[in-house]
Amino acid sequence: EKARLSEPLLAENGNYVFAPSDSRFHAANSFSAVARTIKFFEEGTGIPVSWSFKKPQLEVVADAGEMLNAYYQKANGNVNFFHSTDPVTKQVVYSGDSGEVVSHETGHAILDALRPAYLLNWRADCGGFHESFGDMLALLMSVQDDKALAKVVDQTGGDMTKINIASNLGEELGVTINHTVGRDVTGGDFTRSAINK
């Protein structure tokens, strides 16, 4: 009830599970990640989200075109995801297929609902807090999956200072960005990492 797709998505055989080769997969994937993130935040904090853009629902634009990006746009009340072809692997990468990227952008919308003036402030610390909030929400969403959590424990042996699948966010998008630029501009095979200085 707090989010909607920008374009209608019809169920197939009564459900919204599609093969990755089906264009509907990306819409279902990004929408479900947005909905899960909102639900997680509301249930975990007890704070109902009331959007700052004065619409009842956050619009999810699953594929807004070709670009290596994703962003929350307050003026239109939406989160936007894109696609691009990795020049090395030749695979088309959709930013909305990464639950971490989706949760991060949804985090911007949630924080904007709580503190709308932060996006109007030109101070670096407000922007930095927005980015951190999105990253932390993405990390928390990652460890809600028991298989992901088991993999984290396996990779770290319980030492959370070690790189793991939860600490590195948006790996596929990060790799494609680095391949497109032709050098490592993200700091590794990710868009962001919680293991940093």
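Trainee: How many bridges join β1 to β2, and do they run parallel or antiparallel?
Mentor: Happy to start there, keeping in mind that this is a predicted model. Within this pair, arginine 4 stands opposite glutamate 59 in β2. The strands β1 and β2 are joined by three bridges, and their direction is parallel.

Trainee: Which strands are the edge strands of the sheet?
Mentor: Start from the order: the open sheet has four strands, arranged β1-β2-β4-β3 with mixed pairing. An edge strand pairs on one side only, and that holds for β1 and β3.

Trainee: What angle does the direction of α2 make with that of β3?
Mentor: Helix α2 packs on the sheet, where it touches β2, β3 and β4. Its direction and that of β3 make an angle of about 15 degrees.

Trainee: Is threonine 106 buried or exposed?
Mentor: This residue belongs to helix α2, which spans residues 99–114. Beyond its neighbours within four places in sequence, threonine 106 contacts Val34, Thr37, Ile38, Leu58 and Val79. Its relative accessible area is 0%, and the cut-off is under 20%, so threonine 106 counts as buried.

Trainee: How many residues does the largest nonpolar core have?
Mentor: Val34, Leu58 and Val79 are among the residues with the most contacts inside this core. Elements that each supply at least two residues include α1, β2, β4 and α2. The core's total is 30 residues.

Note on methods
Residues are numbered from 1 along each chain as its sequence is written. This is a predicted model: local features need pLDDT of at least 70, side-chain atom pairs count only at pLDDT 80 or more; totals for chains, interfaces and linings use all residues. Side-chain values use heavy atoms; hydrogens and water are left out. Buried means under 20% relative accessible area, exposed over 50%, partly exposed in between (1.4 Å probe, protein chains only). Contact means heavy atoms within 4.5 Å. A nonpolar core is a set of buried Ala, Val, Leu, Ile, Met, Phe, Trp, Tyr and Cys residues joined through side-chain atoms within 4.5 Å. Two strands pair if DSSP finds at least two bridges between them. Axes are lines fitted to C-alpha atoms, for helices over the stretch in contact, and angles run from 0 to 180 degrees between N-to-C directions.
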